[in-house]
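Good morning, and thank you for making time for this item.

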Amino acid sequence: MAKTEVILIHNIVGLGAESDHVKVAAGYARNYLYPQGLAIPVTAANKRRLEVLRQRRAEREAHELNTMTDIAKSLAKLVLVLKVKTGDDGKMFGAVTAGTITDELKHQFEVTLDKKKIRLDRPLHNLGEHEIELRLHADVTGTLKVRIESVTPPPQPTEAPAVDASAAEAQKGRGEGTGREERRRERPYRRPLREKPAKAE
């Protein structure tokens, strides 16, 4: 496959940054890079443009470095609070990932950050405070404090209602009285005996 050397005008991930000389397939350069304005062929005239491209690249990288340094300083002072649901045992449902952190940074502090810049060995599964490492730039690292809190209310302990002793005695007495009444009702009705009239002598 024929190769050709081009000068990149824009940063292309996986290929290089502006002002880089790179070798690419001739068809890729002809059909994609040149029409999209991402690269120019290496010619004597174009080599003179290199200085301008290098200057632009240096300015962009310096601006990016300053921006990321400022972001690192700002994030070091913040505490990102994440609310999660938990079970009765206090364990989280699901986990907090780098994507969750970037979404909440944008939502809470209007900070836009690529999730690839958040260095998480594994998703967070525990409540409490965590210190997250940030790789914001080749020359800039930082930290972010993340506090994970539960929104699930803790279970309330169930206590048996205290029974007042005097009320219990009264209830007991009422119970006994009720038993007597019931027993009285259960007896068959007996007509009272009439006294026989005395015989006249």
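Predicted model: local features only at pLDDT ≥ 70, side-chain atom pairs only at ≥ 80, totals over all residues.

Residues are numbered from 1 along each chain as its sequence is written, and side-chain values use heavy atoms, with hydrogens and water left out.

First, the overall fold. The chain has five helices and seven strands; helices (H or I, at least four residues) and strands (E, at least two) are DSSP runs, numbered from the N terminus. Along the sequence they follow the pattern β-β-α-β-α-α-β-α-β-β-β-α. Of the 201 residues in the chain, 25% are buried. By buried I mean under 20% relative accessible area, by exposed over 50%, and by partly exposed anything in between, with a 1.4 Å probe and protein chains only. A contact means heavy atoms within 4.5 Å. Among contacts with a separation of 6 or more, 51% join residues 24 or more positions apart.

Let us turn to the open sheet. Three strands form it in the order S2-S1-S3, with antiparallel pairing; two strands pair if DSSP finds at least two bridges between them. Strands S2 (21-25) and S3 (39-41) are the edge strands, each pairing on one side only. On average, neighbouring strands of this sheet are turned by 50° against each other, direction ignored. Here axes are lines fitted to C-alpha atoms, for helices over the stretch in contact, and angles run from 0 to 180 degrees between N-to-C directions. Strand S1 (residues 3-8) is joined to S2 by five bridges in the antiparallel sense, and Glu 5 has Lys 23 in S2 as its bridge partner. Helix H1 packs on this sheet and touches S1, S2 and S3, its direction making about 105° with that of S2.

Which residues form the aromatic pair? The two are Tyr 28 and Tyr 32, stacked at 5.6 Å centre to centre with 20° between the planes. A search of the whole structure finds one such pair. The criterion is that rings of Phe, Tyr and Trp (its six-membered ring) have centres within 6.5 Å; planes under 30 degrees apart count as stacked, over 60 as edge-to-face and the rest as tilted. Tyr 28 and Tyr 32 are separated by about one helical turn because they are four residues apart in helix H1 (residues 26-36). Tyr 28 is partly exposed at 34% relative accessibility, and Tyr 32 is partly exposed at 37%.

Next, helix H3 (residues 50-76).

S4 pairs with S7 in the parallel sense over six bridges, and Leu 82 stands opposite Ile 148 in S7.

Now the cores. A nonpolar core is a set of buried Ala, Val, Leu, Ile, Met, Phe, Trp, Tyr and Cys residues joined through side-chain atoms within 4.5 Å. In the largest, of 23 residues, Leu 75, Val 96, Ile 101, Leu 136, Leu 144 and Val 146 touch the most other members. H3, S4, H4, S6 and S7 each supply at least two residues of this core. Apart from it lies another core, of nine residues, including Ile 12, Val 22, Ala 29 and Leu 38.

Finally, Asn 46. Leaving aside neighbours within four places in sequence, Asn 46 is in contact with Ile 7, Ile 40 and Pro 41.
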